[in-house]
Amino acid sequence: MIAETVKWVGGVNGVLELIDQRQLPDRLEILRIRSVEQLYEAIKTLAVRGAPAIGVAAAYGPLLALHWLAAGEGPPEALEGVVKACDYLASSRPTAVNLSWSLGRVCARARSVAGDAGSTIEDLQEAVLAEAKAIHAEDVEMCRKIGANGEKFIRDGFGVLTHCNAGALATAGQGTALSVLFEAQKKGRQFEVYADETRPLLQGSRLTAWELQQAGIKATVICDNMAGFLMRQGKIQAVITGADRIAANGDTANKIGTYSVSVLAKHHGIPFYVAAPSSTFDLSLASGEGIPIEQRNASEVTWMGGAHIAPDNIDVYNPAFDVTPAGNITAIITERGVIVGPNPDRIRTLLG
């Protein structure tokens with residue numbers, strides 16, 4: 001079963017449905033989002049997460065803003081509301097570039113329509129919905145192509161390590177890193193996946209393990225600090241992760257802990273693959289040094305399952321992401337092709 005993480009129901013006055021990933025794996029609960037404020041909260045609190053999924057969900061945000069127009073407002077006022085919604089949603093999570101990319105695309109479409117003489121609110125609504133749906137459909141196809149381009153790296157008998165969640169729950173389709181595994185499964189290959197738990201929010205044990213189990217792929221959850229030992233034992237033949245932003249030189253931001261896994265893989269001579277759409281590249285940044293790293297609440301570290309697991313008033317450092325240098329990455333798998341040994345020239349060549 002491939003989860004439908006993001007779904008628009010109805011026409012221009014419809015509603016956005018999201019799987020509430022905070023509730024998994026205990027229960028599958030659907031959020032019905034009717035306002036920009038609800039969508040912001042869903043993104044900020046990780047009800048929806050994963051760079052592509054955030055981008056697709058946010059693309060519908062400007063349409064939600066248009067639901068709340070005051071009587072008598074025309075396209076200029078409506079466009080102002082769309083721009084405000086885009087700016088507001090873009091501030092919810094700063095690291096994933098897909099968020100600002102999709103919002104920028106919808107805003108550009110809205111400006112184009114609102115600037116046409118004789119355009120109506122209905123024209124603007126239809127255009128925004130069409131653009132959001134196009135982004136949504138492109139994400140589904142992107143996931144399939146990433147899987148098709150990367151499945152050759154997963155061979156019979158492999159042990160594959162993942163970190164965080166880069167499956168259907170992180171996209172509008174079948175995922176990025178997990179798409180590679182799903183496509184390898186379709187080829188009849190037998191392999192085992194080791195899912196790092198991914199502290200502090202356990203996306204690996206809660207989400208990736210759930211997805212793999214639903215798909216019938218053999219999966220084993222491990223604590224984050226076990227990866228190196230499994231590599232030394234010869235149980236890991238490949239590592240594959242997703243990405244939230246990739247700089248022009250191939251430096252890649254992903255969930256905190258990814259950098260450590262890449263260092264371990266390099267030490268043990270194990271290939272380290274990143275699976276991500278071309279929209280994840282930010283060519284305005286020369287290297288990973290310029291990638292903004294989101295800092296999250298200390299309670300994510302000091303509490304677990306309703307229990308306090310650290311002393312009161314202790315200092316906490318809680319970055320949500322880290323940056324893996326391009327030199328640690330064997331290849332970046334995209335919907336356009338594979339960049340082996342990523343560097344600025346190879347990235348520019350692939351992206352055109």
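Colleague: Which residues are linked with Arg93 in a network of salt bridges?
Modeller: Glu294, Arg296 and Glu300 are linked with Arg93 in that network. A salt bridge here is a side-chain nitrogen of Lys or Arg within 4 Å of a carboxyl oxygen of Asp or Glu. Before we go on: this is a predicted model, where local features need pLDDT of at least 70 and side-chain atom pairs count only at pLDDT 80 or more, while totals for chains, interfaces and linings use all residues. Residues are numbered from 1 along each chain as its sequence is written, and side-chain values use heavy atoms, with hydrogens and water left out.

Colleague: How far apart are the closest N and O atoms of Glu294 and Arg93?
Modeller: They are 2.9 Å apart. Glu294 is in the loop between strand E11 and helix H11, and Arg93 in the loop between helices H4 and H5, so this bridge ties together parts that are 201 residues apart in sequence. Helices (H or I, at least four residues) and strands (E, at least two) are DSSP runs, numbered from the N terminus.

Colleague: And are Glu294 and Arg93 buried or exposed?
Modeller: Both are buried, where buried means under 20% relative accessible area, exposed over 50% and partly exposed in between (1.4 Å probe, protein chains only).

Colleague: OK, switching to Asp139. Where is it?
Modeller: Asp139 is in helix H6, residues 121-150. Asp139 is buried but has no salt bridge, and the nearest side chain of opposite charge, Arg105, is 9.5 Å away. For charge, Lys and Arg count as positive and Asp and Glu as negative; His and the chain ends are not counted.

Colleague: Which residue does Arg105 form a salt bridge with, then?
Modeller: Glu131, with the closest N and O atoms 2.6 Å apart. Glu131 lies in helix H6 and Arg105 in helix H5, so the bridge ties together parts that are 26 residues apart in sequence. Glu131 is buried at 15% relative accessible area, whereas Arg105 counts as partly exposed at 22%.

Colleague: New topic: how many aromatic pairs does the structure hold?
Modeller: Three. One of them is Trp8 with Tyr60, a stacked pair at 5.1 Å centre to centre and 5 degrees between the planes. Rings of Phe, Tyr and Trp (its six-membered ring) pair if their centres lie within 6.5 Å; planes under 30 degrees apart count as stacked, over 60 as edge-to-face and the rest as tilted. Both Trp8 and Tyr60 are buried.
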